[in-house]
Amino acid sequence: MPHFDWRSSETYDRTRALEPAGFAWECLRRNPEYQRDYLELCYSEPDPAMITTFRRRWGLSFRC
């Protein structure tokens, strides 16, 4: 993951144009607990209960 200087306003310039959902995604994808859960989900056998738990915990919905 690239390193960003959190003190630099230039680092976050692009976030000003984001819709609320896009901004929320930028925050969520940096969350270490989310990253852990996501990797666990990716590297496990497909399990509807596990997917439901993941979706509920992180407030996500997936469109097919």
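My entries go from the whole chain to two residues.

Ground rules. I worked from a predicted model, where local features need pLDDT of at least 70 and side-chain atom pairs count only at pLDDT 80 or more, while totals for chains, interfaces and linings use all residues. I number residues from 1 along each chain as its sequence is written, and side-chain values use heavy atoms, with hydrogens and water left out.

Whole chain. I found three helices and zero strands (DSSP runs numbered from the N terminus: H or I of at least four residues for helices, E of at least two for strands). Along the sequence the pattern reads α-α-α. I looked up burial next: of the 64 residues, 12% are buried (under 20% relative accessible area, 1.4 Å probe, protein chains only). The chain exposes about 5,800 Å², and carbon and sulfur atoms supply 57% of that (Shrake-Rupley method, 1.4 Å probe).

Glu26. I located Glu26 in helix 1, residues 20–28. Glu26 is buried, at a relative accessible area of 12%. Setting aside neighbours within four places in sequence, I see Glu26 in contact with Arg14 and Leu18 (contact means heavy atoms within 4.5 Å).

Trp58. I then turned to Trp58, which sits in helix 3, residues 48–58. Trp58 is buried too, with a relative accessible area of 16%. With neighbours within four places left out, Trp58 touches Leu28, Asn31, Glu33, Tyr34 and Asp37. I also checked Asp37 by C-alpha atoms: Asp37 and Trp58 are 21 residues apart along the chain and separated by 9.5 Å.

Methods: Buried < 20%, exposed > 50% of the residue type's maximum accessible area, 1.4 Å probe, protein only.
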